[in-house]
Amino acid sequence: MTGFVRIGGVPHHVTVEGAGPVCVLSAGLAMCWFDWEPVVPLLAPHRTVVRFDRPGHGLSGPATAAPTAAGEAHRIAAVLDALGMGTERVTAVGHSLAGFHAEAFARLYPARTAGLVLVDSSVEERARPPLLPALHTATARSLGTALAAVGAPAALGPLARRMMVRLSRAGHAPDPAPTALVRRCYRTRRVLDGALLENAHYMSVAAELLSLRPRHPLPPHLPVRVLATPEPPWSTRQRALATTLNAHFTPVPATGHLMMLDRPDTIAGAVLHP
């Protein structure tokens, strides 16, 4: 199933494949549903796999508000509700920035969480909320307007996407995404604005997650997996995250930050065998 569900007035692009217990895959900053493509065939024979694009990402509608950790957790829940999966216990999988969102979902919806898998998740141990969040929003909007005025999304969006993927893969492997899909998404101001807005509020979301941890503990005995590239000092910080979450830590060799492209087998294994 591929289609759209409306949440908070914004159409969200959603795909559902496979059968069995539900897992929901949430991609990192400026990434799309199709970036999980290598993982899906490994999961779909055993799991109902839900992928969705946040506002301003992929094919979803424009972002109308600044992101928050709680807001993104509620978004995951709302997507599942709209799909008729509100009573399902799900495995939440978050890559990079979306690791914040997946963890927040597990904390705010413990009765709906069967497992948590963090894929080279963002880590901010000492994040502090900005003093003027509205200024961050205004700055992101202004930058988007300026870049759109000179035609930057159409001229440079797909190229920037391709370069970012190469730099984030093991051995600088090429971007496997189809050209038509890359152009359809990354030539738009909508996706540029979505990426700028999430980036502008990155530290605010991180700080909010830190504040949620003591107030909303993870369910006892919840299977939590932290998958990370093994290079120090990043691996040291990821191991510390695993300790904080009482999680199983797995350093993953032969991968860059985009683990779903380099090592989809490891991600599928973490979901299927927590």
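1. In this predicted model, strands E3 (residues 22-26) and E5 (residues 90-95) pair in the parallel sense, over five bridges. Val22 stands opposite Val90 in E5. Helix H3 (residues 98-108) packs on the sheet and touches E3, E5 and strand E6 (113-119). The direction of H3 makes about 155 degrees with that of E5.

2. The open sheet has eight strands, in the order E1-E2-E4-E3-E5-E6-E7-E8, and its pairing is mixed. Strands E1 (2-7) and E8 (248-251) stand at the edges. Each has a single partner strand, so one side of each is left without a neighbour in the sheet. Neighbouring strands are turned by 20 degrees against each other on average, direction ignored.

3. Helix H11 (residues 264-272) lies across E3, E5, E6 and strand E7 (224-228). H11 runs at about 170 degrees to E7.

4. Helix H4 (residues 133-149) passes a length check. At 1.5 Å a residue, its 17 residues should span 24 Å; the end C-alpha atoms are 25 Å apart, which agrees. Gly151 follows H4 and has a positive phi, near 75 degrees.

5. Which residues of H4 are buried? They are Thr137, Ala140 and Gly144. Seen down the axis of H4, they fall within an arc of 65 degrees, so they line one face of the helix. An α-helix has 3.6 residues a turn, so residues three or four places apart point the same way. Helix H7 (189-200) is included in what covers the buried residues of H4. The face turned away from the buried side carries the exposed residues Ala134 and Ala149.

6. Ser235 sits in helix H9 (residues 234-244). Ser235 is buried, with a relative accessible area of 13%. Leaving aside neighbours within four places in sequence, Ser235 is in contact with Thr229, Pro230 and Phe249.

Note on methods
Residues are numbered from 1 along each chain as its sequence is written. This is a predicted model: local features need pLDDT of at least 70, side-chain atom pairs count only at pLDDT 80 or more; totals for chains, interfaces and linings use all residues. Side-chain values use heavy atoms; hydrogens and water are left out. Helices (H or I, at least four residues) and strands (E, at least two) are DSSP runs, numbered from the N terminus. Buried means under 20% relative accessible area, exposed over 50%, partly exposed in between (1.4 Å probe, protein chains only). Contact means heavy atoms within 4.5 Å. The expected span of a helix is 1.5 Å times one less than its number of residues. The arc is that of the directions from the helix axis to the C-beta atoms. Two strands pair if DSSP finds at least two bridges between them. Axes are lines fitted to C-alpha atoms, for helices over the stretch in contact, and angles run from 0 to 180 degrees between N-to-C directions.
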